[in-house]
Amino acid sequence: MTSQTIRFEKMNSDIDPKFLPEGNYISAVNCRPNNLNAGAGFVLENIPSTLAVTPPSFGQAVTRIGGCNDYKRTSIIAFYRGSTRQFITSLNVNTQTETIILISSVLDFSQQITHAGVLDDDLFFIDGANKLRKVNIPL
């Protein structure tokens, strides 16, 4: 049996696929880099399962516009945009319980959340229209 090695250089989502250099890729779904501290390269590892998340009922139709992992609390943070309010929730993957972190009619999620991350007890996020924002996450 022969072994095939595929070399991935980097993710390049800003280019038309027909002009994509060899070794570059546009997107990756259900995978993560593993073994980042082992030299210059890493292994792309498939994530073994996917959790289907249904948005909670907020009394209005909502659209999920972003999210991130909260490894400290074993949770998934989700951002939702409704017609009159915006919501940030935390879903504990072990207990399957969802907690509302924030409900706001002032906070404007006008675009997709492009980057989000949790550092200690603070959630940092940014969209394409506003500056970096921070929300404290209660334990």
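Figure 1. The model is predicted, with local features requiring pLDDT of at least 70 and side-chain atom pairs counted only at pLDDT 80 or more, while totals for chains, interfaces and linings use all residues. Residues are numbered from 1 along each chain as its sequence is written, and side-chain values rest on heavy atoms, with hydrogens and water left out. S7 and S8 run antiparallel and are joined by seven bridges. Strands here are DSSP runs of E with at least two residues, helices are runs of H or I with at least four, and both are numbered from the N terminus. Two strands count as paired if DSSP finds at least two bridges between them.

**Figure 2. The four-stranded sheet.** S5, S6, S7 and S8 make up an open sheet in the order S5-S6-S7-S8, with antiparallel pairing. S5 and S8 are the edge strands, each pairing on one side only. On average, neighbouring strands of this sheet are turned by 20 degrees against each other, direction ignored. For such angles, axes are lines fitted to C-alpha atoms (for helices, over the stretch in contact), and the angles run from 0 to 180 degrees between N-to-C directions.

**Figure 3. Gln 86, a polar name in a covered spot.** Gln 86 belongs to strand S7. Is Gln 86 buried or exposed? With a relative accessibility of 10%, Gln 86 counts as buried; the cut-offs are under 20% relative accessible area for buried, over 50% for exposed and partly exposed in between, using a 1.4 Å probe and protein chains only. Beyond its neighbours within four places in sequence, Gln 86 is in contact with Tyr 80, Arg 81, Leu 102, Ile 103, Ser 104, Ser 105, Leu 107, Asp 108 and Phe 109. Contact means heavy atoms within 4.5 Å.

**Figure 4. The largest nonpolar core, seen around Ile 77.** This core has 13 residues, and those with the most contacts inside it are Ile 77, Phe 79, Ile 88, Phe 109, Leu 123 and Phe 125. Strand S5 (62–70), strand S6 (75–82) and strand S10 (122–127) each give two or more residues to the core. A nonpolar core is a set of buried Ala, Val, Leu, Ile, Met, Phe, Trp, Tyr and Cys residues joined through side-chain atoms within 4.5 Å. In soluble globular proteins, nonpolar side chains tend to be buried together. Setting aside neighbours within four places in sequence, the contacts of Ile 77 include Ile 88, Ile 101, Val 118, Leu 123 and Ile 137, and also Arg 64 and Asp 70.

**Figure 5. The three-stranded sheet.** S9, S10 and S11 form an open sheet in the order S9-S10-S11, again with antiparallel pairing. Strand S9 (113–119) and S11 stand at the edges with a single partner strand each, so one side of each has no neighbour in the sheet. From one strand to the next, the twist averages 20 degrees. Six bridges join S9 to S10, and His 115 sits opposite Ile 126 in S10.

**Figure 6. The S10–S11 hairpin.** How many residues lie between S10 and S11 in their hairpin? There are five. The two strands run antiparallel, with four bridges between them, and Asp 122 has Asn 136 in S11 as its bridge partner. Arg 133 and Val 135 make up the covered face of S11, while Lys 134 and Asn 136 make up the uncovered one. In a regular strand the side chains alternate between the two faces of the sheet.

**Figure 7. Two loop residues with positive phi.** Most residues other than glycine have a negative phi. Thr 74, in the loop between S5 and S6, has a positive phi of about 50 degrees. At a relative accessible area of 36%, Thr 74 is partly exposed. Gln 96 lies in the loop between strand S7 (86–92) and strand S8 (97–104) and has a positive phi of about 60 degrees. Gln 96 is partly exposed too, at 46% relative accessibility.

**Figure 8. The chain and its confidence.** The protein chain has zero helices and 11 strands. Of its 139 residues, 26% count as buried. The average pLDDT (the predictor's confidence in each residue, from 0 to 100) is 78, and 71% of the residues score at least 70.
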